[in-house]
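Hi,

Here is the model I promised to pass on.

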Amino acid sequence: LGGDRPFYYVRGHGAVVALPAGGRFVALMLQDDILYVREGAVHAFTEDLHWACGRIPGVQGGVMIQFRGRGAVALKVQGALSHVKLDRGHAMGVDAAALYGWVGRVVPHAVVIGPDSGRYVSCTGEGVLLLREPEPAG
């Protein structure tokens with residue numbers, strides 16, 4: 001995982017206490033699922049999960065982390081987080097800043113709409129989209 005914050009590997013018996021320092025935690029339990037989420041949201045995950053880094057094609061910035069397998073992922077989120085089911089054979093367009101991640105076999109790609117190309121993402125496939133309110137500019 002990249003970025004400017006340290007990342008620690010913790011092993012042993014006991015409990016780890018973490019405080020969100022702004023925002024809140026959301027815990028997800030994966031049961032042989034595939035989760036993609038923005039790198040900056042990942043706070044912790046269990047060692048049983050396999051992970052890899054990637055990007056949404058055509059969207060500037062925003063590294064995505066893919067998690068696979070069985071285990072827990074703790075996300076630190078700002079604002080409201082909601083989810084929308086995406087059915088096979090349908091497409092959904094979302095603001096790139098609002099797309100927090102997804103669970104399942106979703107295929108995202110940038111959509112060029114006028115001079116703001118890359119601001120929207122078209123999602124196809126089957127799964128659940130995780131959406132958030134965009135962060136205020138400034």
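**Strands and their partners**

Strands β7 and β8 run antiparallel and are joined by twelve bridges. Strands here, like helices, are DSSP runs numbered from the N terminus (E, at least two residues, for a strand; H or I, at least four, for a helix), and two strands pair if DSSP finds at least two bridges between them. Within that pairing, Gly104 has Gly127 in β8 as its bridge partner.

Before you go further, a word on the ground rules. This is a predicted model, with residues numbered from 1 along each chain as its sequence is written, and local features need pLDDT of at least 70, while side-chain atom pairs count only at pLDDT 80 or more. Totals for chains, interfaces and linings use all residues, and side-chain values use heavy atoms, with hydrogens and water left out.

Back to the strands. β1 pairs with strand β4 (residues 63-77) in the antiparallel sense, over 14 bridges. One point to look for there is Ile34, which stands opposite Arg68 in β4. β1 also runs antiparallel to β7, with three bridges joining them; on that side Val37 stands opposite Gly101 in β7.

**Rings**

Next, the aromatics. Rings of Phe, Tyr and Trp (its six-membered ring) pair if their centres lie within 6.5 Å, and planes under 30 degrees apart count as stacked, over 60 as edge-to-face and the rest as tilted. By this rule there are three aromatic pairs. Tyr36 and Trp102 make a stacked one, at 4.9 Å centre to centre and 20° between the planes. This pair links distant parts of the chain, since Tyr36 sits in strand β1 (residues 24-38) and Trp102 in strand β7 (residues 99-111), 66 residues apart.

How exposed are the two partners, Tyr36 and Trp102? Tyr36 is partly exposed at a relative accessible area of 22%, whereas Trp102 is buried at 3%. The cut-offs are under 20% relative accessible area for buried, over 50% for exposed and partly exposed in between (1.4 Å probe, protein chains only).

Elsewhere, ring pairs link Phe45, Trp51 and Phe67 into a cluster.

**Charges**

The structure holds three salt bridges, each being a side-chain nitrogen of Lys or Arg within 4 Å of a carboxyl oxygen of Asp or Glu.

- Asp32 and Arg70 meet at 3.1 Å, N to O. They link distant parts of the chain, with Asp32 in strand β1 and Arg70 in strand β4, 38 residues apart. Asp32 is exposed because its relative accessible area is 54%, and Arg70 is partly exposed at 49%.
- Lys85 pairs with Asp87, the closest N and O atoms being 3.1 Å apart. Lys85 is exposed at 53%, and Asp87 is partly exposed at 38%.
- Arg88 and Glu126 meet at 2.6 Å, N to O. Arg88 lies in the loop between β5 (81-86) and β6 (91-95) and Glu126 in strand β8 (residues 120-132), so this pair ties together parts that are 38 residues apart in sequence. Arg88 is exposed at 65%, and Glu126 is partly exposed at 33%.

Now for an arginine without such a partner. Arg38 lies in strand β1 and is buried, yet has no salt bridge. Which side chain of opposite charge is nearest to Arg38? That is Asp95, 7.0 Å away; for charge, Lys and Arg count as positive and Asp and Glu as negative, with His and the chain ends not counted. What Arg38 does have is the backbone oxygen of Leu99, 2.8 Å from a polar atom of its side chain. Leaving aside residues up to four places away in sequence, Arg38 touches Gly62, Val63, Met64, Ala96, Ala97, Leu99, Tyr100 and Arg132. Touching, or contact, means heavy atoms within 4.5 Å.

**A glycine in β4**

Last, please look at Gly71, which lies in strand β4. Gly71 is buried because its relative accessible area is 10%. Thr46 is 25 residues away from Gly71 in sequence, but the two are 5.7 Å apart in space, C-alpha to C-alpha. Thr46 is also among the residues that Gly71 touches, along with Leu28, Met29, Leu30 and Leu49, again not counting residues up to four places away in sequence.

Over to you!

Terms used:
Polar contact = N/O pair within 3.5 Å; in protein donor to acceptor, adjacent residues only side chain to side chain.
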